[in-house]
Amino acid sequence: MTRPPIRPALAHPPSFSPREFRDALGMFATGVTIVTAQDAAGGLVGLTASSFNSVSLAPPLVLWSLGRAAGSMNALAAGSHYAINVLAADQQALAERFASRGVDRFAGVKYALGVAGAPLIEGAVATFECFNRSRYDEGDHVIFVGEVERCAHRPGVPPLLYHGGRFYTEHPL
């Protein structure tokens, strides 16, 4: 029996507003991270990101995304390394600061430089030191895939959570 050729499917236009989409995405609970790096001049770069996920165990890969218009885009896209710092429940103020504009995000923040120079924030639940392996331009964001060269975690320490536009310092369930 001969099958007819498969025609590629086309995406249908959205049946919802950008606000509805954002609200629906907000129903997915996530952890909260701060992505850190050094720029070409040695200045520190950091931003809050909840778009973080594992990709592969072998090789160890993670991904996160950044809006194209972000001020730190050039430094992060051009750099060879960055760190993902998964925040602890008591680090909400850091998440808010690193999401703010016009502030010195690293003022008073305790950190150590990782092996490749990316800041590792003291007190984080987990840290992932990543080689900037690849980037994918999609929509209004760039997806970064990092190859994890080093990682560490603190067992038993509760993470900071984000759900429905709010931070949670304990599991709401």
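**Burial, salt bridges and cysteines**

Colleague: Why is D23 called partly exposed?

Modeller: D23 has a relative accessibility of 40%, and since buried means under 20% relative accessible area and exposed over 50%, with partly exposed in between (1.4 Å probe, protein chains only), D23 counts as partly exposed. Please keep in mind that this is a predicted model, in which local features need pLDDT of at least 70 and side-chain atom pairs count only at pLDDT 80 or more, while totals for chains, interfaces and linings use all residues. Residues are numbered from 1 along each chain as its sequence is written, and side-chain values use heavy atoms, with hydrogens and water left out.

Colleague: What makes D23 and R19 a salt bridge?

Modeller: Their side chains meet at 2.7 Å, N to O, and the term asks for a side-chain nitrogen of Lys or Arg within 4 Å of a carboxyl oxygen of Asp or Glu, so the pair qualifies. The two residues are 4 apart in helix α1 (residues 18-25), and therefore about one helical turn separates them; helices (H or I, at least four residues) and strands (E, at least two) are DSSP runs, numbered from the N terminus.

Colleague: How many salt bridges does a search of the whole structure find, and which residue pairs with D137?

Modeller: The search finds 3 salt bridges, and in one of them D137 pairs with R68, the closest N and O atoms being 3.6 Å apart. Because D137 lies in strand β9 (residues 126-138) and R68 in the loop between β5 and α2, this pair ties together parts that are 69 residues apart in sequence. D137, at 52% relative accessibility, counts as exposed, whereas R68, at 40%, counts as partly exposed.

Colleague: What is the distance between the closest N and O atoms of R133 and E147, and where in the chain do these residues lie?

Modeller: The closest N and O atoms of this salt bridge are 2.9 Å apart. R133 is in strand β9 and E147 in strand β10 (residues 141-153), so that this pair, 14 residues apart, links distant parts of the chain. R133 is partly exposed at 40% relative accessibility, and E147 is also partly exposed, with a relative accessible area of 26%.

Colleague: How do you know how many disulfides the structure holds?

Modeller: The structure holds 0 disulfides. C130, for instance, is in no disulfide, as the nearest cysteine sulfur, that of C151, is 9.3 Å away, while a disulfide needs a pair of cysteine sulfur atoms within 2.5 Å. C151 is likewise in no disulfide, the sulfur of C130 being its nearest at 9.3 Å.

Colleague: Are C130 and C151 buried or exposed?

Modeller: C130 has 0% relative accessibility and therefore counts as buried, whereas C151, at 55%, counts as exposed.

Colleague: Why is S72 called buried, and which residues does S72 touch?

Modeller: The relative accessible area of S72 is 13%, so S72 falls on the buried side. S72 is found in the loop between β5 (61-67) and α2 (73-78), and it touches V45, L47 and L66, not counting residues up to four places away in sequence; a contact means heavy atoms within 4.5 Å.

Colleague: What does the chain look like as a whole?

Modeller: The secondary structure comes to 3 helices and 12 strands, and of the 173 residues of the chain, 34% count as buried. Residues 24 or more positions apart account for 63% of the contacts in the chain with a separation of 6 or more.
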